[in-house]
Amino acid sequence: MKVKTKSLIKQFICILLVISTFSVFNLSVYYLFTIRLGNNFSDTSQSKMIDVGKYLPHNENSQLARIDSSFKLTEDLPVLDGAAALVPVYAAFINAVYPEGSVTYEGGSFSDDNYYGENFAKDSKMQYKNTVRGYKAIVDGETDILFCASPSAEQKKYAEEQGVELVYVPVGLEAFVFFVNKNNPVDNLTAEQIRDIYAGDYTNWSQLGGVDRAINPISRYPGSGSQSAMNAFMGDKKIGEKSLFAVTGASIGFSFRYYMDGIVENEDVKMLSMNGVYPSAENIQNGSYPIISEFYAVYRKDNTNKNIPALIDWILSEEGQTIIEESGYVRINYS
């Protein structure tokens, strides 16, 4: 009888220990993570793919800027490709200048699985490979004109290794912007503060006038247009390693203005002012916003298609620049 009693007591003690262990673990998770995540302002920094189906040329339901162009091409049509942020622009060029039937695709409608426009047929004059694959395609001769931001060092190196010289023609202006969740009380940062955030010198929003939350600086895919722009913005400063606890904090991310404001259209995101200047179209045009980027029409110098320079000349004309402006971007001011 005594043996059974001792055994029951041991079992009871073991059960208590297990319960206590799980209680301590759950409390630790709650205080270390759940409370911190309860108001972390972080969900809006996830990247979002563009819905290519909304910008198909020669489709009356497409969300494209439309003009009655005086310039038309009927043969030797250059293949156009580009970054996600510029799909509405070069699709509108095709809609204005190219004949119907020049854009073809396979597999029916575009969907969330169609990340890079894989439904476009090989003979389609519109393609969408985005920046990383797009720069390779222009070097490899699969695309005639690529609409993108500046290339990364690796992309320049690939062109050099292939013995290809690329020509970069600025055709429009954009702002490189930083964004946070709308509930984050911080509205403005200096350029140096942002560099210090990504270098790891600032690790908590309270150091910048915000709440007591860790800062989670989000970067993008290497070779993407926005990541290349970020590397250039950092200058001599290197992007530091994030703390393991950064994921429990409030995020900051970066992109180009119109991609955030006109394509993603996430109401939970707000763009930050930099040095007290908000990245509006007016502040881009007048040069007061600190980080203004040109975007380019890129082509191989050895490409002999005579319609490449003709199309680019039209893009730089009043009609082409009107499309850029009505697409939500900022025209190049040559005056």
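Predicted model: local features only at pLDDT ≥ 70, side-chain atom pairs only at ≥ 80, totals over all residues.
Residues are numbered from 1 along each chain as its sequence is written, and side-chain values use heavy atoms, with hydrogens and water left out. Local features need pLDDT of at least 70 and side-chain atom pairs count only at pLDDT 80 or more, while totals for chains, interfaces and linings use all residues.

Two packed helices are described by the angle between their axes and the distance between the axes. Here, α5 (residues 191-199) and α6 (residues 225-234) pack at an angle of about 110°, and their axes are 10 Å apart. That makes α5 roughly perpendicular to α6, a label given to angles of 65 to 115 degrees. The axes are lines fitted to C-alpha atoms, for helices over the stretch in contact, and angles run from 0 to 180 degrees between N-to-C directions. Helices (H or I, at least four residues) and strands (E, at least two) are DSSP runs, numbered from the N terminus.

Which residues of α5 are buried? They are Ala 191, Ile 194, Asp 196, Ile 197 and Tyr 198, where buried means under 20% relative accessible area, exposed over 50% and partly exposed in between (1.4 Å probe, protein chains only). Their cover includes α6 together with the strands β3 (166-181), β4 (188-189), β5 (215-217), β6 (250-256) and β8 (273-274). After α5 comes Gly 200, with a positive phi near 95°.

Turning to charged pairs, the whole structure holds 13 salt bridges, each a side-chain nitrogen of Lys or Arg within 4 Å of a carboxyl oxygen of Asp or Glu. In one of them, Lys 237 meets Glu 192 at 3.4 Å, N to O. This pair links distant parts of the chain, with Lys 237 in the loop between α6 and β6 and Glu 192 in helix α5, 45 residues apart. Lys 237 is partly exposed at 28% relative accessibility, and Glu 192 is partly exposed at 40%. Lys 237 also forms a salt bridge with Asp 201, the closest N and O atoms being 3.6 Å apart. Asp 201 lies in the loop between α5 and β5, 36 residues from Lys 237. Through shared partners, salt bridges join Glu 192, Arg 195, Asp 196, Asp 201 and Lys 237 into one network.

A further salt bridge pairs the side chains of Lys 270 and Asp 187 (2.5 Å, N to O). Lys 270 belongs to strand β7 (residues 269-271) and Asp 187 to the loop between β3 and β4, 83 residues apart. Lys 270 is buried, at 16% relative accessible area, whereas Asp 187 is partly exposed, at 47%.

Finally, the largest nonpolar core has 41 residues, of which Phe 93, Phe 147, Leu 311 and Trp 314 touch the most other members. Such a core is a set of buried Ala, Val, Leu, Ile, Met, Phe, Trp, Tyr and Cys residues joined through side-chain atoms within 4.5 Å. Its largest share, 9 residues, comes from α2. Apart from this core lies another, of 33 residues, among them Val 186, Met 230, Leu 272 and Tyr 289.

Notes:
Parallel < 35°, antiparallel > 145°, perpendicular 65-115°, else oblique. Contact = heavy atoms within 4.5 Å.
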